[in-house]
Amino acid sequence: MANGSILKSKIFNLPLICAFFLTIGAFPAKVFSQEKTPGAKEEKFDPGKTTMEHIADKHEWHLFGEAMVPLPIIVYTDKGFEFFSSAHLQPQGTVYKGKYYNYMLVNNKLKAADETGKIDEAANKNIWDFSITQNVAGMWLSGLILIFVFLNVSSTYKKRVGKAPKGLQSFLEPVVLFIRDDVARPNIGIKYERFMPLLLTIFFFILINNLFGMIPFFPGGYNLTGNIAVTMTLAVVIFIVVNINGNKYYWKHIFLPDVPFWILPIMWVVEIIGIFSKPGALMIRLFANMAAGHIVVLSLISLIFIFNTAWISPVSVAFAVFIDVIEVLVVFLQAYVFTMLSSLFIGMAVEEHHHEVI
């Protein structure tokens, strides 16, 4: 490049600067605090525990530093519902006396316990945790943002019929057209319009939650797409859509493929496994890629505290920022891949087979 430095490129500077500050904010201040409380036993830094705590679901929403917003705890027991704030359970290990049972948080999981803090296994069998966790609150927030954005864009289209896109229109229209023309239409065929609302919803839902997952403070800081329960739910939706819309050719290929009859039992096993392995691959791919990105960045930052020296921080932070820049690409790529493979599986189920005319 001119002047011999890639760092002088404005395009390259912006993601680098953003990634640097996102990396710096990745941990709450208290996690890496080196201050010692008089008389307190010094705890050895555990990178595995710190990393898992960061990517795990929580009963509070971290804002910045040590500030956090407690979220509501909703518990269904054999004696009835209980409602209270997660602030009563902070810090972790604090026992809260509820209406029916005593509760405490163990590794961000709600457990019934006695007054001394010992887990009550018998009581745990009688409680169901329906709490509003950080992931749930984050999902609601991203859903509200998507509803607001698309209602706004829809309203703008009605007011500006026949005019050039403006504002959010000009940003979202190319993305919608890309999903339609390069994802849905080639993979699904003439029936693509039926599935466009589903594919667009999945794409933007994954994309916005991937982006919020990279922000280490409010309104981000939650790891929704790195939660296998969420990716499993998305995969189950695709599984249901594919198999409900499967035509006779789809089911014939599974149960009556054009093979010798003695191979049919083997083919049945293979094809039935394939029915479940396709959405399973969607689930694992999204979960593993998003969780791995967070783990790598946090592990690199943890090197500073593993070696307990600031001399390694330039290398550690530089590599973490580099991985964060790559993860910006992965955020968009994973939303695209999940949507593209979903459309491919749907297309395989609804494809019409035409006999060649000789």
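Author: A salt bridge is a side-chain nitrogen of Lys or Arg within 4 Å of a carboxyl oxygen of Asp or Glu. This is a predicted model, in which local features need pLDDT of at least 70, side-chain atom pairs count only at pLDDT 80 or more, and totals for chains, interfaces and linings use all residues. Residues are numbered from 1 along each chain as its sequence is written, and side-chain values use heavy atoms, with hydrogens and water left out.

Reader: How many salt bridges does a search of the whole structure find?

Author: In general, side chains of opposite charge can pair when their charged atoms come close. Here the search of the whole structure finds two salt bridges. Asp 181 forms one with Arg 185, where the closest N and O atoms are 3.6 Å apart, and the side chains of Asp 181 and Arg 180 meet in another at 2.7 Å, N to O.

Reader: Where do Asp 181 and Arg 185 lie?

Author: Both lie in helix α5, four residues apart, about one turn of the helix; helices (H or I, at least four residues) are DSSP runs, numbered from the N terminus.

Reader: Is Asp 181 buried, partly exposed or exposed?

Author: Buried means under 20% relative accessible area, exposed over 50%, and partly exposed in between (1.4 Å probe, protein chains only). Asp 181 counts as partly exposed because its relative accessibility is 29%. Arg 180, with a relative accessible area of 30%, is partly exposed, and Arg 185 is partly exposed at 38%.

Conventions: Helices (H or I, at least four residues) and strands (E, at least two) are DSSP runs, numbered from the N terminus.
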